[in-house]
Amino acid sequence: MKCKNISIIIPTYKREKQIIKILKSLKNQVVKNLKLEIIICDSFSNYNKRFFPSSSKNFKIKYFNIIKNNLSAKRNYGINKAKYKNIILIDDDCIPDKYFLSTYV
């Protein structure tokens, strides 16, 4: 299987518990040869990042604070910061099921 690179962008505001669940779900889905970059675009909600899953070789989390608190501005910011061409946009109230990444790959 060829290595896949995916950037996932999550615009958020004051949903720390949901974000942690999303990150844990995604980290459990990372498979061999898949590099996953999670870009969280927040508006100064002051999430406690110590509860986020730890980054690894194939799982990186990037966290940005955006002054504008609207979805389109956060998504566009995340797209501009994405390292990979394959981009998935998900909302902060949707926890991906266990086949989410394999479906996209």
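**Close-up views of a predicted model**

**View A. Asp93, with a relative accessible area of 44%, is partly exposed, and Arg15 is its salt-bridge partner.** Areas come from the Shrake-Rupley method with a 1.4 Å probe, and for residues only the protein chains shown count as cover; buried means under 20% relative accessible area, exposed over 50%, and partly exposed in between. The structure is a predicted model, in which local features need pLDDT of at least 70 and side-chain atom pairs count only at pLDDT 80 or more, while totals for chains, interfaces and linings use all residues. Residues are numbered from 1 along each chain as its sequence is written, and side-chain values use heavy atoms, with hydrogens and water left out. A salt bridge is a side-chain nitrogen of Lys or Arg within 4 Å of a carboxyl oxygen of Asp or Glu, and four salt bridges are counted by this rule. Between Arg15 and Asp92 the closest N and O atoms are 2.8 Å apart; Arg15 lies in the loop between β1 and α1 and Asp92 in the loop between β4 (86-89) and α3, so this pair ties together parts that are 77 residues apart in sequence. Helices (H or I, at least four residues) and strands (E, at least two) are DSSP runs, numbered from the N terminus. Arg15 is partly exposed at 35% relative accessibility, whereas Asp92, at 9%, counts as buried. For the salt bridge between Asp93 and Arg15, the closest N and O atoms are 3.8 Å apart; Asp93 is in the loop between β4 and α3 while Arg15 is in the loop between β1 and α1, so the pair ties together parts that are 78 residues apart in sequence.

**View B. A salt bridge joins the side chains of Asp91 and Arg75, at 2.7 Å from N to O.** Asp91 sits in the loop between β4 and α3 and Arg75 in helix α2, so the parts that this pair ties together are 16 residues apart in sequence. Both partners are partly exposed, Asp91 with a relative accessible area of 29% and Arg75 with one of 25%. Elsewhere, salt bridges that share partners join Arg15, Asp92 and Asp93 into one network.

**View C. The largest nonpolar core of the model has 21 residues, and those with the most contacts inside it are Ile8, Leu26, Ile38 and Phe52.** A nonpolar core is a set of buried Ala, Val, Leu, Ile, Met, Phe, Trp, Tyr and Cys residues joined through side-chain atoms within 4.5 Å. At least two residues of this core are supplied by each of β1 (4-11), α1 (16-29), β2 (34-42), β3 (59-65) and α3 (100-104), and α1 gives the most, with five residues. A second, separate core of five residues includes Ile9, Cys41, Ile66 and Ala82. Contact, meaning heavy atoms within 4.5 Å, links Phe52 to Ile19, Ile20, Leu23, Ile40, Tyr47, Ile61 and Tyr63, once its neighbours within four places in sequence are left aside.

**View D. Leu26 and Ser25 both lie in helix α1.** Leu26 counts as buried, at 0% relative accessibility, and, not counting residues up to four places away in sequence, Leu26 touches Ile8, Leu36, Ile38, Phe59, Ile90, Pro96, Phe100 and Leu101. From Leu26 to Asp91 there are 65 residues in sequence and 13 Å in space, C-alpha to C-alpha. Ser25 is likewise counted as buried, at 15% relative accessibility, and, with its neighbours within four places in sequence left aside, Ser25 is in contact with Ile95, Pro96 and Asp97. The side chains of Ser25 and Gln29 make a polar contact at 3.2 Å; such a contact is a pair of N or O atoms within 3.5 Å, where within protein one must be able to donate a hydrogen and the other to accept it, and residues adjacent in sequence count only if both atoms are side-chain atoms.

**View E. Lys14 has a positive phi near 55°, in a residue other than glycine.** Lys14 is placed in the loop between β1 and α1 and is exposed, with a relative accessible area of 60%. Asn46, which is not a glycine either, has a positive phi of about 60°; Asn46 lies in the loop between β2 and β3 and is exposed, with a relative accessible area of 67%.

**View F. Ile79, Ile87 and Leu89 make a nonpolar surface patch of about 220 Å².** Patches are made of residues with over 30% relative accessible area and no salt bridge, like charges being joined within 9 Å and nonpolar side chains (Val, Leu, Ile, Met, Phe, Trp, Tyr) within 5 Å. Ile79 belongs to helix α2 (residues 71-81) and, at 36% relative accessibility, counts as partly exposed.

Key
Buried < 20%, exposed > 50% of the residue type's maximum accessible area, 1.4 Å probe, protein only.
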